[in-house]
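Hello,

Here is the structure I promised to pass on. Please open it alongside this email, and my notes follow below.

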There are 2 protein chains.
Amino acid sequence: MANPFSFRLLATDGTARSGEIATAHGLVRTPAFMPVGTQAAIKGVHHDDVRASGADILLGNTYHLMLRPGAERVAALGGLHAFMNWPHPILTDSGGFQVMSLSALRKVAEMGVTFRSHIDGAMVELTPERAIEVQNLLGSDIAMQLDECVSLPAERGEIERAMQLSLRWAERCKRAFEGAAPGRALFGIVQGGDDQSLREASARALVGIGFDGYAIGGLAVGETQDVMLNIVGGTAPALPADRPRYLMGVGTPADLLEAVARGIDMFDCVLPTRNGRHGLAFTRFGPVNIKNAHHAEDLRPLDPESRCPAARDFSRAYLHHLFKAGEALGGTLLSVVNLFYYQDLMAGARAAIAAGQFADYAAQTKDQWTAKRDQRMP
Amino acid sequence: MANPFSFRLLATDGTARSGEIATAHGLVRTPAFMPVGTQAAIKGVHHDDVRASGADILLGNTYHLMLRPGAERVAALGGLHAFMNWPHPILTDSGGFQVMSLSALRKVAEMGVTFRSHIDGAMVELTPERAIEVQNLLGSDIAMQLDECVSLPAERGEIERAMQLSLRWAERCKRAFEGAAPGRALFGIVQGGDDQSLREASARALVGIGFDGYAIGGLAVGETQDVMLNIVGGTAPALPADRPRYLMGVGTPADLLEAVARGIDMFDCVLPTRNGRHGLAFTRFGPVNIKNAHHAEDLRPLDPESRCPAARDFSRAYLHHLFKAGEALGGTLLSVVNLFYYQDLMAGARAAIAAGQFADYAAQTKDQWTAKRDQRMP
C-alpha cells in the first residue's frame, strides 16, 4: 500500500518554514522549487541533470499532456512517472491556466471551460471533473483543482466572479477526487486577484472544503512584485500551518526569497530553463547575460565553486560562442546551471530556516547578486 | 615534452586492420569513428555523453572555427582542447570541403581559395599556408592538408586538375607544417574522384611527399556506394601499411563495415547526430524511425541490452512523443543513442579483427539489421 500523503513542518523562522512532504514516490524537501516539465520533459535538459540539480519534484502541465500524447494514452503506458521515466514525485496543474494563456478561443461557463486546442484546432471541454480525471490518469502525486485565473489589472467584480466560480469548481474537484489512488493529494487554489479581502474569503472557503495543501494562484499575471508580495503576505496566514503552501508560477530568485519569508513552501516557474535557453544565467553573483560581447574572451567559468559541473567546466567565452553559433548545447548548459542555482537557493533557504537565520541568508544572498556586479566574481 | 605522434598496427584480418594512434592528448583505437564537432560542439550532445559513448577523438571544422569564433581567438583562449574542454585527441579538417559546400561565392586559384563567409559576407582567403596556420592556432592533434574536392559526377579533366592542384597544395602544407608543435601530425588527402588511375597517382605522389597519415577525400559526394567502395578498395593498398588511413565524411554503418574490410582506420560523419535530430535511431536491429505512428504506444526501449542509457531507459512511445511535441530532448537522446551505436560498431570491429573474425562479424551485424525488421527486437 502506498504511503499516505503527509506534510511535516520541521522548522519555522519568523513566518518562513521548512518541512517535508511525503508522497508515494518519495520526499519533497520544502521550501521546494519544481522545474516545469510541460510536455513530460524539462525543455532541453536530461532528467538525470534535473535530478542531479537537487529537484525532488517536477511539475507536469495537464493542458499539454491531455492534448498530446493524451491522458488516456499516458495511463495506458503506465502513468506519467513511468512514461517519462521520472520515478520521483510529480505535481500536475489543472490545465486551467494554460487554457487562459494558450488557447485563442475559449468559453468559461459554470460547467467548465471549452477551448480550441492550439495543436489541432479541436474543441475540448475541461470541467472540474475532467481535470481531476485527467490528473488521475496521469497519476501525479499532487493534483490541482480547476480554477479560473484572471489577468491583472482587472475589475473587482470580474475578480470576484472568477474567485467564486473557482470555489464552486473546488468543491466539484474535491468530490471528483474521492476514491483517487491512496497516497495522492489534491490542492485547492486561492484566487481573488490583487484584492486582499477576496483572497481571504477564498482562502477561508477553501479551508472549509478541506484540501491536502493550498496554492495561491492568479499571481505573476501582470502585477508588480510589491502587489504580489502583499497578497502572498496577507494570504499565507489565512492558510492552515499544517498544510503545504504553493505559490504558482513564481518566479525570480528574489521573488522566491521574499515569498519564502512570507511562509510559502513550494514554487514552480519556467524562468530557469526559459532564461537559460535565451542566454541568461543565474549565478551567486547575479544574472549573467552570456551573449554580451564582453564575454567573448572571458576565460572564467560562471562560478568555479558551483555544485553544477556546467558552471565550473566551461569558460564564459565558450558558452558565449555556443550562443553566437546557435549551438543548442549552450541553452542546455545554461538551463542546467539555472536549475542547479534555483535548487541551491532553496537548499540554502532550508538550512537557514533550520538555523533560525533566514533573514540573514536572504539579505546576504541578495547583497552578493549586486555587490560584485562589476566583476561578477569574487 | 609531448609524446610523438605514432601509429601502431595491432592486428590484421585480411585487409582489415586494427591499431592504435598515439597523440599528445591520448590514444585513438582504430578502426575509429570521430564524431563531428563542427563549431566546437557536437550538435545537441554534452561532451560527457560523447566521451561516454566511447569516442577517443573528435573532428573540428576549420572552416567554421576560423570564421567564428576565429582561430586567433581560440588560440588566445588556450587552443581548441581548452576552449571546448575536450582534453582528448582532436582532428581538424582543412576547411576546403566546407568552402566548396557552404560558400555560395568562391574562387579557386593556384594560390588558394577565396570565398564569401556564410556568416557575415566577408571575403576570406584560405591558402594552404593559412589552412595550416589556422590548424596550428586551433592546436589539433591531427591537421589535414588543404585540398580541392569536386562533386561527382565530373569530367576526368576537371577531376585531374583538382587532384594535381591538391598535390601542389599538399607540398605547400607539408612545408608550412614544419616547426609545428611536437606530437602533432599532418595528413595528406588522396583525390582523383571516381578514376582509379588518378587515385593511384595521387596516392603515389602524396607518399612521395611523406605524411603522418593519409586520407581518402572526395568521396560521399554524390557517387553510389559501389563506386565509393571500389575507389576505397583500390586506393588503400597504395597507401603505406604503417600509417593510418582515414576515409573522410563516410558514412552509414554499412559503409563503415565495408570500408574497414578494405583497410580503412578512421572515419568521420555527421549521420549519427543529424539523423538523431531528425528522429532516426541506429540500433542493432536496424534503423528505427521513431516518428512513425506505430511507436506511439510502444513500451519497448530502443535496445534493452544497449550500453547507452538512453536506449534502455526510455520507451519508444516516450521518444516518439518528444519528437511529436517538438521537444529538443528527443533529438539529443537519439543523437546519443546513435553515437553509442557507431562506437560500439567500431569496438566490435576492433575485437573481431583481433580475433581474426571480421568477415563473420560484419555479416552477422548486417544480418541482424534486416532479419528482425518486422519486430525490430529479439
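By what turn and what shift along the axis can chain B be laid on chain A? A turn of 180 degrees and a shift of 0.0 Å along the axis do it, with an RMSD of 0.0 Å (copies are superposed by least squares on the C-alpha atoms of residues with pLDDT of at least 70 in both). The two copies are thus related as by a two-fold rotation axis.

Some housekeeping before the rest. This is a predicted model, in which local features need pLDDT of at least 70 and side-chain atom pairs count only at pLDDT 80 or more, while totals for chains, interfaces and linings use all residues. Residues are numbered from 1 along each chain as its sequence is written, chains are lettered from A and ligands numbered from 1 in the order in which they are written, and side-chain values use heavy atoms, with hydrogens and water left out.

Now to the interface. In chain B, 29 residues are in contact with 29 residues of chain A (contact means heavy atoms within 4.5 Å). Of the interface residues of chain B, 100% are also interface residues in chain A, so the copies meet through the same surface.

About 2,900 Å² is buried between the two chains, and carbon and sulfur atoms give 58% of that (buried area is the accessible area, with a 1.4 Å probe, that two parts lose on being put together, summed over both). On the chain B side, B:Tyr318, B:His321 and B:Glu327 lose the most area to chain A, together 19% of what that side buries.

Four salt bridges are counted between chain B and chain A (a side-chain nitrogen of Lys or Arg within 4 Å of a carboxyl oxygen of Asp or Glu). One of them joins B:Arg73 to A:Glu297, with the closest N and O atoms 2.8 Å apart.

One residue of chain B also deserves a look. B:Thr127 lies in the loop between β9 (123-126) and α6 (128-138) of chain B (helices, H or I, of at least four residues and strands, E, of at least two are DSSP runs, numbered from the N terminus). B:Thr127 is buried, with a relative accessible area of 8% (buried means under 20%, exposed over 50%, partly exposed in between, with a 1.4 Å probe and protein chains only). Its side chain reaches the backbone nitrogen of B:Arg130 at 2.9 Å. Leaving aside neighbours within four places in sequence, B:Thr127 is in contact with B:Met111, B:Gly112, B:Leu146 and B:Arg172.

Best wishes

Terms used: Polar contact = N/O pair within 3.5 Å; in protein donor to acceptor, adjacent residues only side chain to side chain.
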